Amino acid sequence: MKRWIIRSIVAAVLVAAVGFFVALAPVADRVQNRLLRAPHEPVPDSVAAFHRQLVIVDLHADALLWPRDLLARANHGHVDVPRLIEGNVALQVFGVVTKSPPGLNYQRNEASRDQLTFLVAASRWPIATWSNLLARALYQATSLRDLEARSDGKLPIIRTAGDLDGYLARRAANRAQTAGLLAMEGLHALAGNLIRIDTLYDAGFRMMGLTHFFDNEVGGSSAGVAKGGLTDFGRAVVRRLEERHIIIDLAHASPATVDDVLSMATRPVVVSHTGLAGTCPGPRNLTDDQVRRIAANGGVIGIGYWETAVCELSPQAIAKAIRYAVGLAGVDHVGLGSDFDGATTTAFDISEVDRITEVLLSNGFSQDEVARLMGGNALRLLREGLPAQ
């Protein structure tokens, strides 16, 4: 009897372990990154033809976090290379998440709480990543490099302005490719160590968000506890990022941190994925004054697609936010920042981004303005912000 009980316990433990390491992460991916498609007609042929001429840039997606081979088309989630190419997306900025609170509370989060440990372990990442935030960042950078190496030229990584221009020249002759750029979502992985910026730069990171859902050693988050501004260390971080030609991302930053960065920045910043308080009130969404100041800095604001960014899951709501931002900032300072695969629910995936092109045209934007909004403005920011070579 005792042997039977022991064997039953061992079997139960093995079943639980298999379930944890095999099923948990894929299930989490499907639950967290959902599509709520409403029936819609394909875009008109004239819109589709114009859309194929565009150079489209999405300033933020979190696809590297999930257990998918991004070189294969998935039937769930939002982003992979086949769908990027199908959507005529020239460049996808891949955000790297290293820490995230349970529930993704937009109001207040203690820095001690982190739900990614379970996902990282269940996804069978190296054991070092289970407790080390820098290791998590570097592992995801390695994952993108592996995708590049296996992509047969379909997913080059952009590290310099020269890389960008060379890639765009190649893509003009062959649209069956896309490109990636690495970005950090929150600098808690620095752990107060400025030298780690160079470590991340060497790993390929060229855009860095200062905060995510927590306050950290750099500054305050819009969803943090204190929601303060830049610390002394944070000011040193901003200076070092500018020295290395790493683009500063103010997504998730507290109002005080936004103010502090804009008061000292000498280079254009980005807000990679956000909403606007003027069309969708919320603690993460930019005020009118912040939009104007970011434009005055030369920066670009990436409009998100999820509900708390635009208050409705539809291309029309995205276009409404874009129209409002253009009214404040001008047409040269607004772009796309989907937050695809960021534990978000959206009305379409990256292959269907032509729906935004359609609704922008129907809302009275000219073809030249649509070209800037869909990617031209982001390209200008990258050419100005990235190291030359």
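Helix axes are lines fitted to C-alpha atoms over the stretch in contact, and the angle between two helices runs from 0 to 180 degrees between their N-to-C directions. The exercises below apply this to a predicted model.

**Exercise 1. Describe how helix 12 and helix 13 pack, and classify their orientation.**

Solution. 
- Step 1. Helix 12 covers residues 315-329 and helix 13 covers residues 354-362; their axes lie 9 Å apart, at an angle of about 60°.
- Step 2. Angles of 65 to 115 degrees count as roughly perpendicular and those under 35 as roughly parallel. Helix 12 and helix 13 are therefore oblique to each other.
- Step 3. The crossing of helix 12 over helix 13 is right-handed.
- Step 4. On the helix 12 side the contact uses Pro 315, Gln 316, Ile 318, Ala 319 and Ile 322, and on the helix 13 side Arg 355, Ile 356, Val 359 and Leu 360.
- Step 5. Sorted by class, this contact has seven nonpolar residues, one polar and one charged.

**Exercise 2. Which orientation do helix 5 and helix 7 adopt, and which residues meet?**

Solution. 
- Step 1. The axes of helix 5 (residues 133-150) and helix 7 (residues 195-202) are 10 Å apart, and the packing angle is about 20°.
- Step 2. Because this angle falls under 35 degrees, helix 5 is roughly parallel to helix 7.
- Step 3. Helix 5 and helix 7 cross in a right-handed sense.
- Step 4. Helix 5 contributes Leu 134, Ala 137 and Leu 138, which meet Arg 196, Thr 199 and Leu 200 of helix 7.
- Step 5. Four residues of the contact between helix 5 and helix 7 are nonpolar, one is polar and one is charged.

**Exercise 3. Work out the geometry and the residue classes of the contact of helix 8 with helix 9.**

Solution. 
- Step 1. Helix 8 spans residues 232-243 and helix 9 spans residues 255-264; the axes come within 11 Å and cross at roughly 50°.
- Step 2. Helix 8 passes helix 9 with right-handed crossing.
- Step 3. Arg 235, Val 238, Arg 239 and Glu 242 come from helix 8, while Asp 260, Val 261 and Met 264 come from helix 9.
- Step 4. The classes are three nonpolar, four charged and no polar residues.

**Exercise 4. How many cavities of 30 Å³ or more does the structure hold, and what lines the largest cavity?**

Solution. 
- Step 1. One cavity reaches 30 Å³ or more.
- Step 2. The largest cavity holds about 50 Å³ of space.
- Step 3. Its lining consists of Glu 242, Ile 246, Ile 247, Ile 248, Arg 267, Pro 268, Val 269 and Gly 385.
- Step 4. Five of these lining residues are nonpolar, one is polar and two are charged.
- Step 5. Glu 242 belongs to the cavity lining and also to the contact of helix 8 with helix 9.

Technical notes. Residues are numbered from 1 along each chain as its sequence is written. This is a predicted model: local features need pLDDT of at least 70, side-chain atom pairs count only at pLDDT 80 or more; totals for chains, interfaces and linings use all residues. Side-chain values use heavy atoms; hydrogens and water are left out. Helices (H or I, at least four residues) and strands (E, at least two) are DSSP runs, numbered from the N terminus. Angles under 35 degrees count as roughly parallel, over 145 as roughly antiparallel, 65 to 115 as roughly perpendicular and the rest as oblique. A crossing is left-handed if the near helix is turned anticlockwise from the far one by less than a right angle, and right-handed if clockwise. Contact means heavy atoms within 4.5 Å. Ala, Val, Leu, Ile, Met, Phe, Trp, Tyr, Cys and Pro count as nonpolar, Asp, Glu, Lys and Arg as charged, and the others, Gly among them, as polar. On a 1 Å grid over the protein atoms alone, a cavity is a set of points where a 1.4 Å probe fits but cannot get out, and a pocket is an open set with protein on both sides within 12 Å along at least five of seven lines; lining residues have an atom within 4 Å of a point. Grid points are joined across faces, edges and corners, and a volume is the space filled by probe spheres set on the points.
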